[in-house]
Amino acid sequence: MDLPFHNKGEVLVGMLCYIITTGKCNLKCKYCGGSFPSSLVPPKIGYTIDELRDFLHGDDELTIAFYGGEPLLNAALIAEIMDEVRAQHYVIQTNGFLIDALPSQYWLRMDTVLLSIDGVERLTDYYRGSGTYKKVVSAASKLRALGYKGDLVARMTATMQSDIDRDVKHLLGLQLFDHVHWQLDAVWSPNELGFRNWLVNTYLPKLSRLVDFWVSKVLDGKILGIAPFKALTHAIVRGSPLGKPPCGAGWNALTVNTNGDVLACPIAVDVEWARMGNIKTSSREELLEKARAQLGIGEPCERCRYISLCGGRCLYAHYERLWGEDGFKLLCLSAKTLIDALQSAKPLFEEAVEDGRIAIEDLEYPKFANTVEIIP
């Protein structure tokens, strides 16, 4: 598998560009607290569409991902960018409350829509607010009714109240979502004393159960859309590494903040190491080269035998280590456990490919950099 960032001649192509349309959010979820401070994400857009177009010009494989806050609070900017800035793919991460703010023709042009939902109704509503679950399910149903044929992803946050086996199966069972992906509620939230116990005694055993279930379906010729399982299995069977990090931050992904500042990572609005420059003063090629030269996954990951499949997991977590080394190692344990479980089934996957029960191409995910980080 080619790395997701490559060079054709002198022009760097295949970039994922996050556009933060606003730092404001209409929800205040327990794990993130809602809106970004206006000092970090200014409330008004500080660049013109012409400046954005000039910055992104020359990439015929460009992906634009709309991000927030809640990006649909500035739906007019989304529509304007989709009208004026050419990209091969458009993506949005949204909580789904404001689906009607963006006209249907723009939804039908989105290649991937990620809707924030955590699993069963009581869990989702506990963390995101009463009525959220029904709102998100309604949004997904509305998109399907519009005729949306793209990749609809359930974007979960896995917390100490989650049952990963139950919640992923529940979301798949709704038959609305093509894929389910999750990130652990770790690093940004306070380091709760019970996290280690939950991870070791609840999350990882339930994760192993979910892997067993998914593998059994694959062996029956059915590949369920569990994003990290598909991506890792494809890499294992093909013997091809994931990127470092898998999300592409600082490698083939950059973020444009509301003031035009360019960041290596969409969540790194608060740290100087991630600030690469501004679209008004630097070219896309210059800032991608700068990010690749200055940033990257280093030790202890570089010496780890899992690096080709884990990819260091998360650039922000790698640099900040907000939970210290012990917390960092806990997340390593999580990634290693998942990789070991899937690697142990490699002979079974290879046999299923050989006898035609599955096609290796059907395991490939994502087909392009669609903001799914792969490693939970």
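This is a predicted model: local features need pLDDT of at least 70, side-chain atom pairs count only at pLDDT 80 or more; totals for chains, interfaces and linings use all residues.
Local features are reported here only at pLDDT of at least 70 and side-chain atom pairs only at pLDDT 80 or more, whereas totals for chains, interfaces and linings use all residues. Residues are numbered from 1 along each chain as its sequence is written, and side-chain values use heavy atoms, with hydrogens and water left out.

## Pocket and cavities

Rolling a probe the size of a water molecule over the atoms shows where empty space is left. On a 1 Å grid over the protein atoms alone, a cavity is a set of points where a 1.4 Å probe fits but cannot get out, while a pocket is an open set with protein on both sides within 12 Å along at least five of seven lines; lining residues have an atom within 4 Å of a point. Grid points are joined across faces, edges and corners, and a volume is the space filled by probe spheres set on the points. In the class counts, Ala, Val, Leu, Ile, Met, Phe, Trp, Tyr, Cys and Pro are nonpolar, Asp, Glu, Lys and Arg are charged, and the others, Gly among them, are polar.

| Space | Volume | Lining by class |
|---|---|---|
| Largest pocket | about 1200 Å³ | 25 nonpolar, 11 polar, 7 charged residues |
| Largest cavity | about 160 Å³ | 11 nonpolar, 3 polar, 2 charged residues |
| Second largest cavity | about 30 Å³ | 6 nonpolar, 1 polar, no charged residues |

The largest pocket has 43 lining residues, and C32, Y67, Q93, R155 and I267 are those that lie nearest its centre. Helices (H or I, at least four residues) and strands (E, at least two) are DSSP runs, numbered from the N terminus. At least two lining residues of this pocket come from each of strand 5 (89-94), strand 7 (151-158), strand 8 (179-184) and helix 11 (315-320), and strand 7 gives the most, with 3 residues.

Across the whole structure, the search finds 2 cavities of 30 Å³ or more. The largest cavity is lined by 16 residues, of which R313, A317, F328, L331 and C332 are the closest to its centre, and helix 12 (residues 324-343) supplies the largest share of that lining, 6 residues. Around the second largest cavity stand Y203, L207, S334, A335, L338, I375 and P376. Helix 7 (195-219) and helix 12 are the elements that give two or more residues to this lining, with the largest share, 3 residues, again coming from helix 12.

## Helix packing

Two packed helices are described by the angle between their axes and the distance between the axes. Axes are lines fitted to C-alpha atoms, for helices over the stretch in contact, and angles run from 0 to 180 degrees between N-to-C directions; contact means heavy atoms within 4.5 Å.

The axes of helix 7 and helix 8 (residues 227-238) come within 11 Å and cross at roughly 65°, so the two helices are roughly perpendicular to each other (the term covers 65 to 115 degrees, whereas angles under 35 count as roughly parallel, over 145 as roughly antiparallel and the rest as oblique). In this contact, L207, L210, V211 and W214 of helix 7 meet F229, K230 and T233 of helix 8, a set that divides into 5 nonpolar, 1 polar and 1 charged.

Helix 4 (residues 121-128) and helix 5 (residues 132-146) pack at an angle of about 110°, with axes 7 Å apart, and are therefore also roughly perpendicular to each other. Here E121, T124, D125 and R128 in helix 4 meet T132, Y133 and K134 in helix 5, and these contact residues comprise 1 nonpolar, 2 polar and 4 charged.
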